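User: I would like to learn how to read strand pairing and helix packing in a model. Please take me through one case.

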Amino acid sequence: MSGMGIHRLNHAVLFVSDLARSVDFYTNVLGFRRIPMTPDGFAGAAFLQAPDSTNDHDLGLFEIGPGAGPSGAGRGTVGLYHLAWEVDTLAELERTALALSEAGALVGTSDHGTTKSLYGKDPDGLEFEIVWLIPADLLDDAARDNRKRIRPLDLRREQARYGADTRGGVGISTPV
């Protein structure tokens, strides 16, 4: 039996309590831009595109109002834990860490061996990951073995090892 040929996530849709607040967060903190494609009659919706994306849109936001309760996913209900967006360089990962920190939205960092990750929460507490992948030509056995453990992320050490402006994921998630 063969798979469906899926090769990447095209977009995600989130329910949010306050559309303006969420649009402000995703545009001003993470650099998404609003795409003018909201259908007539959907005043409580917005569509956003990531800075370097070629997708029609990467994020749909639908407002359900201030009475919305927090997501119970992973605490008392099943549901999505987080989405992971990829950045191109460790320098961009560092800039993103600073922006998330300044917004009070950075909740953690991790070194997963082959990936270097930031974790953040949006204004509704929905968690997301920002990740840089070691390029295929720089992967070694140590990085692959470290996928089995989670270590603190040391961005300076990783930049010294791989270069701050080395494109990540080449040969893995982006064409060579």
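Analyst: Gly120, for instance, has Phe128 of β8 as its bridge partner. The model is predicted, with pLDDT of at least 70 needed for local features and 80 or more for side-chain atom pairs, while totals for chains, interfaces and linings use all residues. Numbering starts from 1 along each chain as its sequence is written, and side-chain values use heavy atoms, without hydrogens or water.

User: What order do the four strands take in the open sheet?

Analyst: In general, strands of a sheet pair through backbone hydrogen bonds, either parallel or antiparallel. Here the order is β5-β8-β7-β6, with mixed pairing. β5 (83-86) and β6 (106-111) are the edges; each has a single partner strand, so one side of each lacks a neighbour in the sheet. From one strand to the next, the twist averages 25°. Strands are DSSP E runs of at least two residues, helices H or I runs of at least four, numbered from the N terminus; strands pair if DSSP finds at least two bridges between them.

User: How are two packed helices described?

Analyst: By the angle between their axes and the distance between the axes. The axes of α2 (residues 90-102) and α4 (residues 155-162) come within 10 Å and cross at roughly 165°. Axes are lines fitted to C-alpha atoms over the stretch in contact, with angles from 0 to 180 degrees between N-to-C directions. α2 is therefore roughly antiparallel to α4 (angles over 145 degrees count as such).

Key. Angles under 35 degrees count as roughly parallel, over 145 as roughly antiparallel, 65 to 115 as roughly perpendicular and the rest as oblique.
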